[in-house]
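Me: I would like to go through this structure with you. Could you take my questions one at a time?

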Amino acid sequence: MHRQTKMFCAFATLLLVITIAGAYSRQETPAGFLANGIAKLSGGNAGTPLSTEAESTAAAPELAKGSWINSEPLTLANLRGRVVVVEFWTFACYNCRNTLPYVKRWDERYREKGLTVIGVHSPELDEEKVLDNVRKETASLGIHYPVVTDNDYATWKAYGVEAWPTLFVLDKQGRIRWSHVGEGAYDETEAVIQKLLAEENKSSGQKTETSKTEKTTRIEKIMKSEEEWKKELNPEQYYVLRQKGTERAFTGKYWDNHEHGTYFCAACGLPLFSSDTKFESGTGWPSFYTPITAENVTVENDSSLGMTRTEVICSRCGSHLGHVFDDGPQPTGLRYCMNSVSLKFEKKP
Ligand code: FE
């Protein structure tokens, strides 16, 4: 063997050993460790903004089935209208632990403003594949956002992930607009979250013109005199919808309704809530963790009855629907507590 060839072989072997040892110590795959290292060496550790072209970018891959912690099973399709952070992590990875305070802060700061954080737990070690261990670690690390296990790496592969942690930020149409591998780029990632939260909520696949028209049509106000409302609504509906009354708990039509479909405003027919986001609140009123789209309901401060509450009204006709509280389930932590009488349910065909 020539001397130069020998030197090259020795160098290649050394590089391989460093890569495998480094990956092991950081609990990354060797390929991921190398990718991270190259990213750092080339100064490319600041994240990757992806296409912002609305029409040309497809939706991000759907989350594969797994066990959910802190939440009912979620789908990205049902989270349209919200900005979503998908973070691939595993509990023994210290790079993930270093990233965690930032991810938790984004969840706390922006959850009520339309952000859902989802931790996809893609394990490396055998102990990280045990659901009980993931549950315990999630709790002891103070993670309150939804976590889904990815033991067969189906979601990991679908997103082409190679190292822990890797995060993706999805816009309100479910498209990947930012990704980042490894620690760091926290300010840049937060700026992307803020930018996407401020974007208009357009329906996927529609041209901008169409969605603007649709939005205008959808929330165009309906103004009627109280006399007109009185004629159109029955006395119970008029009392709740127009006089801000409350039906008695466990007496309404929908608190125990488990059928799939859509809940519309009983006064004007605007779609308000989907059965997909309805949950058992135990209150005796139909409860949802998010409206069908944020713009279809309006919230106002209500200090009647000696309490400070947040009233929910229909954005189109201004009718009273109920109140929203911050003790709901994930992904929003909100509980839209509605009067059945304010709603009209239509079953999915
Ligand atoms: Fe309405």
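Me: How many helices and strands does the protein chain have?
Reply: This is a predicted model. The protein chain in it has nine helices and 16 strands.

Me: And how much of the chain is buried?
Reply: Of the 349 residues in the protein chain, 36% are buried.

Me: Let us turn to the nonpolar cores. How many residues are in the largest one?
Reply: The largest nonpolar core has 39 residues. Those with the most contacts inside it are Val85, Val86, Phe168, Val169, Leu170 and Ile193.

Me: Which elements supply at least two residues each of this core?
Reply: They are strand 3, helix 3, strand 4, strand 5 (147–149), strand 6, strand 7 and helix 6. Strand 3 gives the most to this core, namely six residues.

Me: What does Val86 touch?
Reply: Leaving aside residues up to four places away in sequence, Val86 touches Ile118, Val120, Leu167, Phe168 and Leu170. Another core, of 26 residues, lies apart from the largest one. Among its residues are Tyr263, Phe288, Leu334 and Met338.

Me: Back to helix 6. Which of its residues are buried?
Reply: The buried residues of helix 6 are Thr189, Val192, Ile193 and Leu196. They lie on the same side of helix 6, because they cover an arc of only 100° around the axis.

Me: What covers them?
Reply: The cover includes strand 3 (83–89), helix 3 (94–110), strand 4 (115–121), strand 6 (166–170) and strand 7 (176–181).

Me: Which exposed residues are on the face turned away from the buried side of helix 6?
Reply: That face of helix 6 carries Asp187 and Ala198.

Me: How many residues does helix 6 have, and what span does it reach?
Reply: Helix 6 (residues 186–198) has 13 residues and reaches 18 Å from its first C-alpha to its last. That is close to the 18 Å expected at 1.5 Å a residue.

Me: New topic: do strand 12 and strand 13 run parallel or antiparallel?
Reply: Strand 12 (residues 297–302) and strand 13 (residues 309–314) run antiparallel and are joined by six bridges. Val297 stands opposite Cys314 in strand 13.

Me: What about the turn there?
Reply: The two strands form a hairpin with six residues between them. Leu305 in the turn has a positive phi of about 60°.

Me: And how does strand 13 pair with strand 14?
Reply: Strand 13 and strand 14 (residues 320–325) pair in the antiparallel sense over four bridges. Ile313 has His320 in strand 14 as its bridge partner. These strands also form a hairpin, with five residues between them, and Gly318 in the turn has a positive phi of about 75°.

Key: Residues are numbered from 1 along each chain as its sequence is written. This is a predicted model: local features need pLDDT of at least 70, side-chain atom pairs count only at pLDDT 80 or more; totals for chains, interfaces and linings use all residues. A residue is buried if 20 or more other C-beta atoms lie within 10 Å of its own, exposed if 12 or fewer, and partly exposed in between; C-beta atoms are placed from the backbone. The expected span of a helix is 1.5 Å times one less than its number of residues. The arc is that of the directions from the helix axis to the C-beta atoms. Two residues are in contact if their C-beta atoms, placed from the backbone, lie within 7 Å. Two strands pair if DSSP finds at least two bridges between them. A nonpolar core is a set of buried Ala, Val, Leu, Ile, Met, Phe, Trp, Tyr and Cys residues joined through C-beta atoms within 7 Å.
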